[in-house]
Amino acid sequence: MLIAGFPAGAWGTNCYLVAPAAGEECVIIDPGHQAAQGVEEALKKHRLKPVAVVLTHGHIDHVASVVPVCGAHDVPAWIHPQDRYMMSDPEKALGHSIGMPLMGELTVGEPDDVQELTDGARLELAGLEFGVAHAPGHTKGSVTFRMPEAADVPQILFSGDLLFAGSVGRTDLPGGDHAELLESLARVCLPLDDSTVVLSGHGPQTTIGRERASNPYLSGPAAPRRGM
C-alpha cells in the first residue's frame, strides 16, 4: 500500500493520498489550506488517479482545497452531514473571521458531488476499505477512517483532529465539546490494537499503544491541544 502525506497551509494540516500501490487509483484525505499544488505533485510523482476526497471534518484548514481538487479530477467529496455546512460557511464554524490576508484567496462552497458519511459505514474506494466512525468532540461531524490490517501492513487510523501524538483536538470552537471528545476517544481509539498506526490531522504519526501509555488524554490529566 502507498500512503503519501504532506503538511499544507498556515496550520500544517496533513493531507494524505492513499492507494494500493503507485500507478493506481487513490483516495485523497483532507485537502486543506493551500493543499492543491501538493496534491497535484503527489499524483504526478506516484502516477495516481484520484477517485474520491474524504474529509475527517469540516474546518477550513482541512477542506479549503476540496473544490479545486474535486473539480480538477471530477470526483466526489465525502463528509459527515453535521459538518457539511462548514464548506460553504467556514467563519460560522470557527466563530470568528479566518483572516483573509493569512488564508489568501479561497474558493468556499461545495464541489459538484457531495456524499454524506454515516457512522459504521464501509467505504470501498480505489480498491481499499475505509471504516467510518463518527467521533464528535472537535466538531459535531468529526469522523475517523480505519483501514484494516492487511498482509504486512498494520491497521491504520486516520484520526483527523480527534487524536494527535501526545494530545487531542481543541474543543473551544463552535460545535466542540470536551466530554464528547473524551467519549469518542474511549469508544473509537482505546479498543484498537496497540500496533494500530495513527495518522493525524496535524503532527507526526504515532501508534495507539504509544498514546495509550503516554497521552494524558487517554491515560491521565489534560495536556496542551493542537489543531485549528
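Biologist: What is the mean pLDDT of the chain?

Modeller: This is a predicted model, in which local features need pLDDT of at least 70, side-chain atom pairs count only at pLDDT 80 or more, and totals for chains, interfaces and linings use all residues. Residues are numbered from 1 along each chain as its sequence is written, and side-chain values use heavy atoms, with hydrogens and water left out. Since pLDDT is the predictor's confidence in each residue, from 0 to 100, it can be given for the chain as a whole: 90% of the residues reach 70 or more, and the mean is 91.

Biologist: How many helices and strands does the chain have, and what percentage of its residues count as buried?

Modeller: Helices (H or I, at least four residues) and strands (E, at least two) are DSSP runs, numbered from the N terminus, and the chain comes to 8 helices and 14 strands. Buried means under 20% relative accessible area, exposed over 50%, and partly exposed in between, with a 1.4 Å probe and protein chains only. Of the 228 residues, the buried share is 54%.

Biologist: Which strands stand at the edges of the sheet of 6 strands?

Modeller: Two strands pair if DSSP finds at least two bridges between them, and the 6 strands here form an open sheet with mixed pairing, in the order E1-E2-E3-E4-E5-E6. The edge strands each have a single partner strand, so one side of each is left without a neighbour in the sheet; they are E1 (2-8) and E6 (114-116).

Biologist: Which residue is the bridge partner of Val18 in E3?

Modeller: E2 pairs with E3 (residues 25-29) in the antiparallel sense, over 3 bridges. Within E3, the bridge partner of Val18 is Val27.

Biologist: What angle does the direction of helix H3 make with that of E4?

Modeller: Helix H3 (residues 66-73) packs on the sheet and touches E3, E4 (49-54) and E5 (77-79). Axes are lines fitted to C-alpha atoms, for helices over the stretch in contact, and angles run from 0 to 180 degrees between N-to-C directions.

Biologist: Which residues of H3 are buried?

Modeller: The buried residues of H3 pack against E3, H1, E4, helix H2 (60-63) and E5. An α-helix has 3.6 residues a turn, so residues three or four places apart point the same way. In H3 the buried residues are Val66, Val67, Val69 and Cys70.

Biologist: How far from a polar atom of the side chain of Asn14 does the backbone oxygen of Ser200 lie?

Modeller: Asn14, in strand E2 (residues 13-19), is buried, with a relative accessible area of 8%. A polar contact is a pair of N or O atoms within 3.5 Å; within protein, one must be able to donate a hydrogen and the other to accept it, and residues adjacent in sequence count only if both atoms are side-chain atoms. The side chain of Asn14 makes such a contact with that of Tyr16 at 3.4 Å, while the backbone oxygen of Ser200 lies from a polar atom of the Asn14 side chain at 3.0 Å.

Biologist: Which residue in E10 stands opposite Phe145?

Modeller: Strand E9 (residues 143-147) is mostly covered, with 4 of its 5 residues buried. E9 pairs in the antiparallel sense with E8 (residues 128-134) over 4 bridges, and also with E10 (residues 156-160) over 3 bridges. In E10, the residue opposite Phe145 is Phe158.

Technical notes. Contact means heavy atoms within 4.5 Å.
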